[in-house]
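Notes below, in the order I looked.

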Amino acid sequence: MSEGDGRAGTGLEASLMRLGFGTVAFILVVGSAVYGELVHGYGLLRKGDPDFTPFGRARIGFSFLAALLLFFALKPAMGALALARGDRAQAFWAIGAAGAFLLAVAAAVHFVPTALNDFVREMQPLGMATEVLLIAAVVSFLVAAWRALGMRGARLLGVFPPQLVLAGMAGVVFLILMEEMSWGQHWLGWATPELFSKNVQNETNIHNFYTYQFEAIYYTSAIFCFVVLPWCWPRGAGDLFAQVEPYLPPRIFALFGLPVASLMFESWNIVPYQVWFFLGLLICLDIVRQLKSFELRLAAISLAAIYVVSKLVFIMRGVDMVDGYELSEVRELYISLLFLAYGWMLAKRFRQHR
């Protein structure tokens, strides 16, 4: 697959322009969040029904503008994305899986919104599926690390060999898995120790001491790693860029990751999430513009339409869900699927380079 060779524009002037776009986007996000808290009493991570008051609508507009500026700050110089036949088939599967997932969740929210709650609670089907997928993802990263043993290649930051980087990824996913299953409490059912007595959900984990903050870090990291980075990272560059590139998914992976920027109802009022949603849409349309295959371009356009329509369903019909957090749990399921796909992609890549 042709990935392009760097970013649009070169030299100091282009860099300053990108920096300017990014700075203005940051000011818009911070200004919108601070104004909302000081004048309207909105906390930065406040959840609730989507706000469509005049202020709420204006804030959506500012979020779109911030996303547009961030898009121009990060936009790479892509050539036409021409995929080999095997890669094209995988791309169809990835786009189709993302679109089908969004359609299925949107249909559930529209037709059976109260039923979702029974599936997302602890030890219920979606929660257990998330944990199983994370276990499989840990295995996939460990397989990739094993296949990278003895490889001679560029070390990350000039220090870390590929097997150590991949083992570190396995360790990160393992910690997420353990936190998700409260270090085994969900399965074994022990009483919560006194140390965790102030935990919001009375569970043996750390993230529920500061649930909203941990969610913001986790979801934003997932969007950044699985949607933004695959799209914007300069391919074929030197130095640190070249050291990271072996671990980077192809650009088309950003379309597979797109649902993580959309699956929200009660967190729609959180300004950074609005920015991520609009940036995801702009990234999708930019990839559409570069796809050489007409069939792939049509599939990606369909995904963009599903992305927007399903988001409207989540916002308008999500109020009928029992607790409102159900889509957040569905998003965590999809993130675990992305971890698994990413891990096996690396395992395949490093097997080919042994």
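Surface first, bearing in mind that this is a predicted model. I found a nonpolar surface patch of about 710 Å², made by Phe26, Ile27, Val30, Val34, Tyr35, Leu38 and Val39. I checked Val34: it lies in helix α1 (residues 11–40). Val34 comes out as partly exposed because its relative accessible area is 40%, which falls between the 20% and 50% cut-offs.

Next, the inside. The largest nonpolar core has 109 residues.

Ser310 is buried, at 2% relative accessible area. Its contacts, leaving aside neighbours within four places, are Leu102, Ala106 and Ser262.

Then the charges. I get five salt bridges in the structure. One of them pairs Lys47 with Glu266 at 3.4 Å, N to O. That pair links distant parts of the chain, 219 residues apart. Both Lys47 and Glu266 are buried.

Another joins Asp286 and Lys75 at 3.5 Å, N to O. Asp286 is in helix α11 and Lys75 in the loop between α2 and α3 (85–111), so this bridge ties together parts 211 residues apart in sequence.

Asp286 also bridges to Arg289, with the closest N and O atoms 3.1 Å apart. These two sit three residues apart in helix α11, so about one helical turn separates them. Arg289 is exposed at 53% relative accessible area, whereas Asp286 is buried at 3%.

Key:
Residues numbered from 1 in each chain as written. Predicted model: local features only at pLDDT ≥ 70, side-chain atom pairs only at ≥ 80, totals over all residues. Heavy atoms only, no water. Patch = residues over 30% accessible without salt bridge, like charges linked within 9 Å, V, L, I, M, F, W, Y side chains within 5 Å. Areas by Shrake-Rupley, 256 points an atom, 1.4 Å probe, with all protein chains shown as cover. Salt bridge = Lys/Arg side-chain N within 4 Å of Asp/Glu carboxyl O. Helix = DSSP H or I, 4+ residues; strand = E, 2+ residues; numbered from the N terminus. Buried < 20%, exposed > 50% of the residue type's maximum accessible area, 1.4 Å probe, protein only. Core = buried A, V, L, I, M, F, W, Y, C linked by side-chain atoms within 4.5 Å. Contact = heavy atoms within 4.5 Å.
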